[in-house]
Amino acid sequence: MIDLHYWPTPNGWKISIMLEECGLPYRMVPVNIARGEQFTPDFLAISPNNRMPAIVDHAPPGGGEPVSVFETGAILVYLAEKTGCFLPTDLRERKAVLEWLMWQMGGLGPMLGQNGHFVLYASQKVPYAIERYGREARRLYGVLDTQLGKTGAFVAGDYSIADMACFPWIRTYRSQQVALHDYPNVRRWYEQLKARPAVQRGCELGRELRIAQYDEEGRRHLFEHRAQPR
């Protein structure tokens with residue numbers, strides 16, 4: 001059994017989608033990021049960067065004590081290696097999947113996160129930030145569109161953890177104020193993944209938890225609270 005410490009956000013969806021695709025038994029452990037639960041000592045013990053999701057695998061490969069993993073890229077690789085699914089063993093194919101996984105981790109997610117923050121949540125509108133991150137978001141959509149034009153169906157060849165990492169952030173295109181029809185390859189890929197039953201189940205997990213996430217207390221925990229060094 002795997003404990004999934006989770007809240008329904010793009011980063012959370014990456015892991016719920018992977019767990020559903022792999023058919024692994026798991027238990028959702030809500031981490032209410034709008035109420036500061038990501039800063040509790042118990043959670044920091046498994047995710048020291050006070051970010052969800054994180055997992056605890058109570059049946060790790062080879063047995064032994066439970067294994068905890070934080071950071072979505074590391075979790076996706078861990079689950080892929082545990083199950084032998086969605087990460088090729090061929091050198092060149094594996095390299096391509098990991099490249100695009102790291103592209104999402106280092107570029108697509110952080111830049112779309114900043115764009116969404118300044119467009120939707122910042123207490124003051126900052127035109128420079130809105131323009132800067134909006135432009136970068138559109139550039140990254142263009143990079144993905146070009147890649148999908150080369151590969152066809154999926155980001156790095158066959159369906160993989162690279163697709164699962166990218167999809168949840170593209171799912172926010174409306175709130176990102178990105179016109180998906182400007183990127184026909186991304187749109188085709190997005191509609192294809194959206195139709196997968198496991199992707200649907202992963203994105204529905206904990207949907208009811210998002211109520212009141214961005215009230216005044218939620219904003220304080222999400223945008224102002226910082227964990228203290230231990």
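**Close-ups of a predicted model**

**View 1. The largest nonpolar core.** Leu79, Ile161 and Trp189 touch the most other members of this 56-residue core, where a nonpolar core means buried Ala, Val, Leu, Ile, Met, Phe, Trp, Tyr and Cys residues joined through side-chain atoms within 4.5 Å, and buried means under 20% relative accessible area (1.4 Å probe, protein chains only). At least two residues each come from β1 (2-6), α1 (10-22), α3 (72-83), α4 (91-121), α5 (127-151), α6 (161-170), α7 (184-194) and α8 (197-204); these are DSSP runs, with helices H or I of at least four residues and strands E of at least two, numbered from the N terminus.

Residues count from 1 along each chain as its sequence is written, and side-chain values use heavy atoms, leaving out hydrogens and water.

**View 2. Around Trp189.** Skipping neighbours within four places in sequence, Trp189 is in contact (heavy atoms within 4.5 Å) with residues including Leu144, Phe154, Asp163 and Ile170.

**View 3. The open sheet.** Four strands line up as β2-β1-β3-β4 with mixed pairing; strands pair if DSSP finds at least two bridges between them. β2 (26-30) and β4 (67-70) are the edges, each pairing on one side only.

**View 4. β1 beside β2.** These two run parallel, joined by 5 bridges. Leu4 has Met28 in β2 as its bridge partner.

Definitions and conventions. This is a predicted model: local features need pLDDT of at least 70, side-chain atom pairs count only at pLDDT 80 or more; totals for chains, interfaces and linings use all residues. Buried means under 20% relative accessible area, exposed over 50%, partly exposed in between (1.4 Å probe, protein chains only).
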